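Welcome! Take a moment to look over the fold below, then read the briefing alongside it.

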Amino acid sequence: MHHEFFDLGPRQGRNIHVLPVPYEGTVSYGTGTRLGPEALFRASVQIESYDAELDLDLTDLAHFTPLPVVHPPATGPEGLHQAMREQLAELDATKDFVLTLGGEHSVPLPLFEFYHAAHPDLVLLHIDAHADLRASYEDSPYSHACIMARARQMGIPLAQIGIRSLCREQRDYMRAQSPAELTTLFAWDLPAPGEAAERIRAFVGNRPMYISFDVDGMDPSVIPGTGTPEPGGIPYAWMNRFWKELWLDGLGPKLVGMDMCELAPIHGSQASETAAVKLIQRILTAWLGLA
Ligand SMILES: [Mn+2]
């Protein structure tokens, strides 16, 4: 594992703890998410830290402290989650920002618990092709296909963007939820980024927000390196613009932590990890520089 995340200048601005979790225990189709964190580390030092559109440089706004890699135990996600909880116990959820790099999308459940315990009014913003609202999948309630069902069980309000693959049971569940508890911007019906940002801001209000970003929410032409690609996803320019609109006038949500999951790098191509790490950069730059 590389020990640099982004090309570090002076250690100034907000400290971002980077938690690499190279786990792929419950993946259901393609493999390779265990190689995701390393690919994101490598890509991060290759891109410009300066965001020319925002006229802001991430190295002025943040510095990065990689945490020890959480090595997946031989057991299922429960063992992984326990190892993560032990590491998170060293941190303070009221002030520490953790950027978790998966690994598959079963990874961030302990982060939801960590931030929800400190912020009972926490709201989740979930970028994904898949609703991840199954009660259980392949005999595990902790599978990547169920993580947002666990978040809803914890009582966390959920806003989703990019969803386009789900079973009828999940659709019925979504329809039965109150709009204050669950709102979904389906991929086939995405409004313009500015309107989407308005809707998410109205949903989140003044509450603290955590972003759980499954890279397969993006169109596979942008990020082909993922285990369960779904056509018809979020265009890169749309997603990039959305983060700018979300924080444009300093009124956007307060971000407490985020994850980027399901990157499965393709040997010989750096396109997927580059797009993923540029989206991390845009999120952090827009939040820290505009909010
Ligand atoms: Mn997904």
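The model is predicted, so to speak of local features a pLDDT of at least 70 is needed, side-chain atom pairs count only at pLDDT 80 or more, and totals for chains, interfaces and linings use all residues. Residues are numbered from 1 along each chain as its sequence is written, and side-chain values use heavy atoms, with hydrogens and water left out.

**The sheet**

- Helices (H or I, at least four residues) and strands (E, at least two) are DSSP runs, numbered from the N terminus.
- Look for an open sheet of 8 strands with parallel pairing, in the order E4-E1-E5-E10-E9-E6-E7-E8; two strands pair if DSSP finds at least two bridges between them.
- Strand E4 (62-66) and strand E8 (182-186) are the edge strands, each pairing on one side only.
- From one strand to the next, the twist averages 20°.
- Strand E1 (residues 14-21) pairs with E4 over 5 bridges in the parallel sense, and Val18 has Pro66 in E4 as its bridge partner.

**Helices on the sheet**

- Helix H1 (residues 36-44) packs on the sheet and touches E1, E4, strand E5 (97-102) and strand E10 (254-261); contact means heavy atoms within 4.5 Å.
- The direction of H1 makes about 115° with that of E5; axes are lines fitted to C-alpha atoms, for helices over the stretch in contact, and angles run from 0 to 180 degrees between N-to-C directions.
- Helix H4 (residues 109-118) lies across E1, E5, E6, strand E9 (208-214) and E10, and runs at about 165° to E5.

**Aromatic rings**

- Rings of Phe, Tyr and Trp (its six-membered ring) pair if their centres lie within 6.5 Å; planes under 30 degrees apart count as stacked, over 60 as edge-to-face and the rest as tilted.
- By this rule there are 13 aromatic pairs.
- Phe186 and Trp188 are stacked, because their ring centres are 4.4 Å apart and their planes are at 10°.
- Trp243 and Trp247 are also a stacked pair, at 6.2 Å centre to centre with 20° between the planes.
- Both of these Trp residues lie in helix H8 (residues 236-247), 4 residues apart, about one turn of the helix.
- Ring pairs link Phe213, Trp238, Phe242, Trp243 and Trp247 into a cluster.

**A loop residue: Tyr142**

- Tyr142 sits in the loop between strand E6 (123-127) and helix H5 (147-153).
- Its relative accessible area of 29% makes Tyr142 partly exposed (buried means under 20%, exposed over 50%, partly exposed in between, with a 1.4 Å probe and protein chains only).
- Leaving aside residues up to four places away in sequence, Tyr142 touches Pro77, Glu78, His81, Ser106, Leu109 and Arg150.
- The C-alpha atoms of Tyr142 and Glu78 are 7.2 Å apart, although 64 residues separate the two along the chain.
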